[in-house]
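Subject: Structure handover

Hi,

Here is the structure I promised to pass along.

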Amino acid sequence: MLFFRGINSINMDAKGRLAIPKRYRESIADASENQLVATIDLHSPCLLIYTMDEWEVIERKLMSLPNMDPQARLVQRLLLGHASEMEMDGQGRVLLPSLLREHAKLEKEAILLGQGNKFELWSQEAWDASRPEMLDSASVGNVSESLSSLSL
């Protein structure tokens, strides 16, 4: 399993291409033959980018949800409906579909944030606006039950 970590400032060109940082390229090529999948994030103004093999795990989980449940159907519609396959070229670049670029308000400057099994792709502007609020929220001390046993 790949593990993505760290924060990377990257640039997107006028055609909507961005270069995956070199330190991840070989692992992505080995794990999923240069195939990536991007979709929208339901909670933040960013995109989620998975290797194809990791996306297939997520996709199976989504498809196993009961499609008669309106909330499950909504999540399937949004995540699967926006999922776009991308191939990393020889220079490590991927072309982001315009609909996804519009959703995340991506322009030239972007942030690629490693999140373990995936990346988050933020516009620099959205990241700069959201980061202080995230830091404040994390420092308030209201820890959810799922985090109460985490020791750092």
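Below is what I found, going from the whole chain down to single residues.

First, the ground rules: this is a predicted model, in which local features need pLDDT of at least 70 and side-chain atom pairs count only at pLDDT 80 or more, while totals for chains, interfaces and linings use all residues. Residues are numbered from 1 along each chain as its sequence is written, and side-chain values use heavy atoms, with hydrogens and water left out.

**Overall picture**

The protein chain has 5 helices and 8 strands; these are DSSP runs numbered from the N terminus, with helices being H or I of at least four residues and strands being E of at least two. Read from the N terminus, the order of elements is β-β-α-β-β-α-α-β-β-α-β-β-α.

As for dimensions, the C-alpha atoms fill a box of roughly 45 × 40 × 30 Å along the principal axes.

Of the 152 residues, 38% are buried. Here buried means under 20% relative accessible area, exposed means over 50%, and partly exposed is in between, with a 1.4 Å probe and protein chains only. The areas themselves come from the Shrake-Rupley method with that 1.4 Å probe, and for residues only the protein chains shown count as cover.

**Charges**

A search of the whole structure gives 2 salt bridges, a salt bridge being a side-chain nitrogen of Lys or Arg within 4 Å of a carboxyl oxygen of Asp or Glu. One of them joins D13 and R17, with 2.7 Å between the closest N and O atoms. D13 is partly exposed because its relative accessibility is 28%, and R17 is partly exposed at 24%. Another salt bridge links D89 to R93, where the closest N and O atoms are 3.0 Å apart. D89 is partly exposed with a relative accessible area of 28%, and R93 is partly exposed at 25%.

There is also a negative surface patch, formed by D53, E56, E59 and E85. Patches are made of residues with over 30% relative accessible area and no salt bridge; like charges are joined within 9 Å, and nonpolar side chains (Val, Leu, Ile, Met, Phe, Trp, Tyr) within 5 Å. Asp and Glu count as negative and Lys and Arg as positive, while His and the chain ends are not counted. The place of a charge is taken as NZ of Lys, CZ of Arg, CG of Asp or CD of Glu. Helix α2 (residues 52-63) supplies the largest share of this patch, 3 residues. E59 lies in that helix, α2, and counts as partly exposed at 32% relative accessibility.

**Backbone points**

Which residues other than glycine have a positive phi? E33 is one of them, with phi near 50°. E33 sits in the loop between α1 (22-32) and β3 (35-40) and is exposed, with a relative accessible area of 64%. K105 is another, with phi of about 55°. K105 belongs to the loop between α4 (98-103) and β7, and its 62% relative accessibility makes it exposed.

**Sequence distance against distance in space**

A few C-alpha pairs may interest you. G16, in the loop between β1 (7-11) and β2 (17-19), is buried at 2% relative accessibility. G16 and L106 are 90 residues apart along the chain, with 8.7 Å between their C-alpha atoms.

Q115 is found in the loop between β7 (109-114) and β8 (119-123) and is partly exposed at 36%. Its C-alpha atom is 9.7 Å from that of I49, 66 residues away along the chain.

Q76, in helix α3, is buried at 3% relative accessibility. Q76 and S9 are 67 residues apart in sequence and 30 Å apart in space, C-alpha to C-alpha.

Finally, L65 is in the loop between α2 and α3 (70-82) and is partly exposed at 32%. From L65 to M52 there are 13 residues in sequence and 20 Å in space, C-alpha to C-alpha.

Best wishes, and happy browsing!
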